[in-house]
Amino acid sequence: MLTGKRLLSTSRCLLKSSTSYNYDFTGLISQTGLPGSVGNTPLLKLNNLSKQTGRNIFAKAEWMNPGGSVKDRAALFIIEQAEKKGLIKPGGTIVEGTAGNTGIGLAHVCRAKGYKCIIYMPNTQAPSKIQTLKLLGCEVNPVPVVPFTDPQNFNHQAKRRAESLENAYWTNQFDNLDNRQAHIESTGPEIWNQLKGKVDAFTCSLGTGGTWSGITRYLKTQDPNVKSFAAEPPGSCVYSYVKTGGKSLERSGGSFTEGIGQGRITNNVAQDIALADDAFLIPDSETIVMLYRLLAEEGLYIGGTGALNVVAAVKAAEKVPEGGNVVTILADSAHKYAERIFSKSWLESKDLYKELPEDLKKYAVLD
Ligand SMILES: Cc1ncc(COP(=O)(O)O)c(C=O)c1O
């Protein structure tokens, strides 16, 4: 007769050999509740693109964070640094200017830690992001889009609001280096350990730049031969900045992707942008096709920035030896954007429907 222990190990073995399910439960307990569940995301090999390129393309499943995006990492780290520095006390208020995902991350952490949360955001963002923030108990202020130089820019409004309140902290994700530090201490080491130090190239797009800068800094500190590429949508100045060695901030056009495409060099970007080996400018036509391909071929339901990052990873693959490892970031899922990116009429209004290959058009299921 089998003992309980042997029965368990036998059934585990049987299950392990017949499914892809990961039976290693080590580290899956969070003693601190939601905050302890941020990070430690899986690194997924994208099988079809890896076969196509002859390189291993890996993507970090950041939508699996509790608030649904890579920005949970910065949100948690910034708040916990403010606590350590005594900049926020129990019952205080967190204020931020955010296109959405950082706000959602902050809102979750604020609920878990008992802080109030006030958000200022551009009024052009997907309505579901505003709704989610309200559902998470935030005060949300969608404001007209004006340049950073204008005092009415959403960031400056957030800063002034925090200054007007007792025991309030403006998290200042664009220029607060705790944002980048979150990735130096979590995402970078996770990638390094997951690939046992075998990383040839990294690429992702920049919003605040915290993710790109922190991971690039960490990986290049481990091994200066790791290449890092900035992946940019039309409308970003980072592409021309890298291409001209910091001489130009020129930018033109726009993109359907949300949360990336900077108009200035933020403090987080400024720290590490000299480490960029090159930059890629990815047109929306390539991003939308990849978004649909990831769904059709890999079963991944990914937002626009993740799809753009994978297009960039394929370009980065051309710059590393055959069999090399290329890593990128899947920042969030498609849920928040579904009404737009899977709507035939919305795609047509952006001139993107015609870009989809015939066999992928069936995924544009909304009118
Ligand atoms: C969906 C999405 N992708 C990418 C980014 C960029 O991340 P970072 O601000 O770390 O550059 C953001 C930032 O808000 C985002 O919301």
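Visitor: Where is N167 found in this predicted model?

Guide: N167 is found in the loop that links helix 6 (154-163) and strand 6 (168-170).

Visitor: Why is N167 called partly exposed?

Guide: N167 has 13 C-beta neighbours inside 10 Å.

Visitor: What makes the backbone of N167 worth a look?

Guide: Its phi is positive, about 45°, although N167 is not a glycine. Most residues other than glycine have a negative phi.

Visitor: And what is the phi of N40?

Guide: N40 is not a glycine, and yet its phi is positive, at about 55°. This residue sits in the loop between helix 1 (4-18) and strand 1.

Visitor: Why is N40 called partly exposed?

Guide: Here the count is 14 other C-beta atoms within 10 Å.

Visitor: Is N309 buried or exposed, and how do you know?

Guide: N309 has 30 C-beta neighbours inside 10 Å. The cut-off for buried is 20 or more, so N309 counts as buried. Its place is in helix 12.

Visitor: Which residues does N309 touch, leaving out those up to four places away in sequence?

Guide: They are T203, C204, S205, A231, T328 and I329.

Visitor: Which strands does helix 12 lie across?

Guide: Helix 12 (residues 304-317) lies across strand 2, strand 7, strand 8, strand 9 and strand 10, and runs at about 170° to strand 10.

Visitor: What is the order of the strands in the open sheet?

Guide: The six strands follow the order 1-2-10-7-8-9, with mixed pairing.

Visitor: Why are strand 1 and strand 9 said to stand at the edges?

Guide: Strand 1 (43-45) and strand 9 (278-281) each have a single partner strand, so one side of each has no neighbour in the sheet. On average, neighbouring strands are turned by 25° against each other, direction ignored.

Visitor: How do you know that strand 2 and strand 10 pair?

Guide: Pairing needs at least two bridges. Strand 2 (residues 56-61) and strand 10 (residues 325-330) have six, in the parallel sense, so they meet that cut-off. One of the bridges joins N56 to N325.

Visitor: Which strands does helix 8 touch?

Guide: Helix 8 (residues 210-222) packs on the sheet against strand 7 (201-205), strand 8 (227-232) and strand 10, and its direction makes about 170° with that of strand 7.

Visitor: Which residues have the most contacts inside the largest nonpolar core?

Guide: F229, A230, V310 and A312 do, in a core of 61 residues. Helix 12 gives the most to this core, nine residues. Beyond its neighbours within four places in sequence, V310 is in contact with L46, L49, A59, M290, L294 and T328. Another core lies apart, with 29 residues, including V38, I79, I104 and I119.

Visitor: Which residues come nearest to the ligand?

Guide: Among the 19 residues around the ligand, these are G207, T211, G259, T305 and A331. Helix 8 gives the largest share of the shell, three residues.

Visitor: How many residues of the shell around the ligand are polar?

Guide: Twelve are polar, while five are nonpolar and two are charged.

Notes
Residues are numbered from 1 along each chain as its sequence is written. This is a predicted model: local features need pLDDT of at least 70, side-chain atom pairs count only at pLDDT 80 or more; totals for chains, interfaces and linings use all residues. Helices (H or I, at least four residues) and strands (E, at least two) are DSSP runs, numbered from the N terminus. Axes are lines fitted to C-alpha atoms, for helices over the stretch in contact, and angles run from 0 to 180 degrees between N-to-C directions. Two residues are in contact if their C-beta atoms, placed from the backbone, lie within 7 Å. A nonpolar core is a set of buried Ala, Val, Leu, Ile, Met, Phe, Trp, Tyr and Cys residues joined through C-beta atoms within 7 Å. A residue is buried if 20 or more other C-beta atoms lie within 10 Å of its own, exposed if 12 or fewer, and partly exposed in between; C-beta atoms are placed from the backbone. A residue is near a molecule or strand if its C-beta atom, placed from the backbone, lies within 6 Å of it. Ala, Val, Leu, Ile, Met, Phe, Trp, Tyr, Cys and Pro count as nonpolar, Asp, Glu, Lys and Arg as charged, and the others, Gly among them, as polar.
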